[in-house]
Amino acid sequence: MSRRILGPFNRVEGDLNITLDFADGKVSAARVTAPLFRGFERILLGREALDALAIVPRICGICSVSQSVAAAHALSSLYGINPPPNGQRVLNLIHAVENIADHLSHFYLFFMPDFARADYQQQPWHAATLARFQAQRGSAIAPMLEARALLMRFMGSLAGHWPHTLCLQPGGVTKVVSAAERVRLQQWLRSFRRYLEQHTFGQPLEAIAALDSQAALEHYQQQNPDADFACFLHIADSLQLHTLGRSYDRFIAAAAYASAEGSWSPAGVWHGGHSQPLVLDAISEDSHSSWLAGDGPAAPLHNDTVPLPDKAEGYSWSKAPRLAGAAAETGALARGLLRGENLLCDMVARDGGNVLSRVVARLSEVARIVPLMEQWLAGLQLEQPFQHPCPATPVQQQAIGLTEAARGMLGHWVTLDAGRISRYQIIAPTTWNFSPRDSQGLPGPLEKALEGVTASDPQALQVQHIVRSFDPCQVCTTH
Amino acid sequence: MAWKNKRLLWLQSGGCGGCTLSLLNTEAPSLFTTLADIGIELIWHPSFAEQSLDEAMQLLQRLADGSEPLDMLCLEGAVMTGAAGRFHLLPDGQSMSTLIEQLARRAGQVIAVGTCAAYGGISAAGDNLTGATGLNHSGNHPGGLLGADFHAAGGLPVVNISGCPTHPGWVLETLALLASDSLQAADLDPLGRPRFYADKLVHHGCDKNEFYEFKASATAPGQMGCLMEHVGCKGTQAHADCNSRGWNGEGSCLTGGYPCINCTAPDFADPGHGFFSTPQVAGFPVGLPTDMPKAWFVALSTLSKSATPARVRQNAVQDRIIVPPSLPKKNKA
């Protein structure tokens, strides 16, 4: 057996190293290391409750709004108020822009460039992939960045800027939308839709959302060979990406995109082909393999974050969140399964969660959310309020704020003492996905997904495809 | 103008990656096209580079030992110096702070991107048990990782593009000036910030200027009035051109309806009061414009408050215009 420490993993958000035990051409064990610790849970302590809105977005430059949404949800409970419908719609719009931008950044900037690498130059698709998806230089990159920047104009208009807005408040949003502004927002969204339909999908978004089986997906791929999504599907066929990166097939999600009619995507746990309710009390954090004080499972509402850089068992700054003692995977695929999307349920029933199904879940979500954004924009009642005033003092001392970031379930567990933050624990999506082993020795989802992978070399691209298929955000992971 | 291709290495340490993500918002042309246009070759960036793992590590080592030249080093995020560097380790067990220092002493120009890399920023807030610091400053004090007398091989001290996040224009215009050797020490303010944006105040061009003039104040974020008196806004003290160049097209904190928190300042993350409230003494804000005599401010604001038009006073506490400006008599119905 040989042991290799791989890193720095780039084209992921934040810092990541992975230790692989390699025997007989196979990965026998993987240990995932989050090597950077900043300590936001401590930076928040002692501050006024509302100050969380200025601190938490700065946990992460790529999931900044998601962090704000989780804090705003917790503060809504603490202050006993809820946003009016306009406030909720604008929050959804801002959050959707971030999530869509993240999905596109992942696909075009982080994930696809690996297929343009010289390792694949014998493949019949390599020359075209090199031309289109080569890191920084591929012909797909500049048009995507232009479309992304145009979509980001939503942030300038509705949120002041991105990242790190303060516009999301417990009672709604700080920006009202005028009729003229809505016209501009609709223009930008139409342009962005045109980009997606022309370059990413080659089809109307509704046609992508209507793909309801693996057979339908294969048909789409054959009919639209030049679309970027189809290029990926073609490569995935060729490299059998559906056989790579299967983990526990236990998926977890919070509710996403709330409205008066309920959430677009429900909270829940998906396992063995069925969905179950999400029981928050079953969530624990285990610090056994973390360079942090603590060992066995601890409830996030009562846990602390105390660094111990010399802890002998430690190999990551990340904690290990568990659901009733089990590791769980979160992300766009989890959301899609819990919504009961036929295509994703079909794919997971055949091959579980894997490199292919994670990427398909992300892109098909983009196709579904843009039409939702159009509805939210049209649904704004411009003469109505966008925010309710926040009371002077909190009415509760403890609250949990949950949301879905692009990468999955994000939770903030907040306790106040005399109006100030006395405890603030955060479990981010990649804390779930890239957790280290817990006190029972149970590997985290990526660690599990890497076990048994056959590769010519520990640095082989198969390993990298699996890692990047989760779209990790390491700055959120340890925060 | 000497214009030659410069080799730029971008590293991240104790930060959120938001300055990179903000950089991606640059419009017309997009990021990689702009870098090529201004004569910069991005030799490695953790989010964008093709090379990963061993290839990346080997490249970093060649740059650190000088066997490959390095014209420009950008660091995003604070340097984590606590616990002998254990808060940020490279895969080989070396601390990131050691590598950053080696590279900074090789590079022709060293650029701190964002308030964390410049001064420690939010990563150094609170009890700072991670020992987060800036490259050339620790908070307001010169020093940081590299020491107060540091000058890069090209002669400049660290260029501090502070901001949390940085505007893509601040970064790309600084890089363009550096790439063409057009940025001199005199172009930096005493905190090392490029004067082209740091000699302006967020107050300049603020949407709310009429409310400021008449001291017609909002009482909560989201109201139209000036946010300085009650809601924590530091736009009159904050060095940046946020309201004279738009963010994401047309935005700024103030157009978004919330206060400026002075994120280009070294210690913005520990203001000593709530971010959404203004400490006051005898009914006047503690944090006044830095170069205005306090007595004059008090006198002028008392006077202007007494002259506030009813329209401005009423609109100040609304989320939209309730009372429009009146028209000349000749245009009235």
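How many helices and strands does the secondary structure of chain B come to? I looked this up and got 10 helices and 11 strands, taking DSSP runs numbered from the N terminus (helices are H or I of at least four residues, strands E of at least two).

A note on the model: it is predicted, so I kept in mind that local features need pLDDT of at least 70, that side-chain atom pairs count only at pLDDT 80 or more, and that totals for chains, interfaces and linings use all residues. Residues are numbered from 1 along each chain as its sequence is written, while chains are lettered from A and ligands numbered from 1 in the order in which they are written.

Chain B next. I find that its C-alpha trace spans about 75 × 45 × 35 Å along the principal axes. Of its 333 residues, 53% count as buried (20 or more other C-beta atoms within 10 Å of the residue's own, with C-beta atoms placed from the backbone).

Then I turned to the interface. Here 64 residues of chain B are in contact with 66 residues of chain A (C-beta atoms, placed from the backbone, within 7 Å). On the chain B side, helix 1 (18-23), helix 2 (31-37) and helix 3 (53-65) each give two or more residues. Helix 1 of chain B provides the largest share, five residues.

Last, a helix pair in chain A. Helix 4 (residues 85-111) and helix 14 (residues 355-379) of chain A pack at about 150°, axes 9 Å apart (lines fitted to C-alpha atoms over the stretch in contact, angles from 0 to 180 degrees between N-to-C directions). That makes helix 4 of chain A roughly antiparallel to helix 14 of chain A (over 145 degrees).

Notes: Two residues are in contact if their C-beta atoms, placed from the backbone, lie within 7 Å. Angles under 35 degrees count as roughly parallel, over 145 as roughly antiparallel, 65 to 115 as roughly perpendicular and the rest as oblique. A residue is buried if 20 or more other C-beta atoms lie within 10 Å of its own, exposed if 12 or fewer, and partly exposed in between; C-beta atoms are placed from the backbone.
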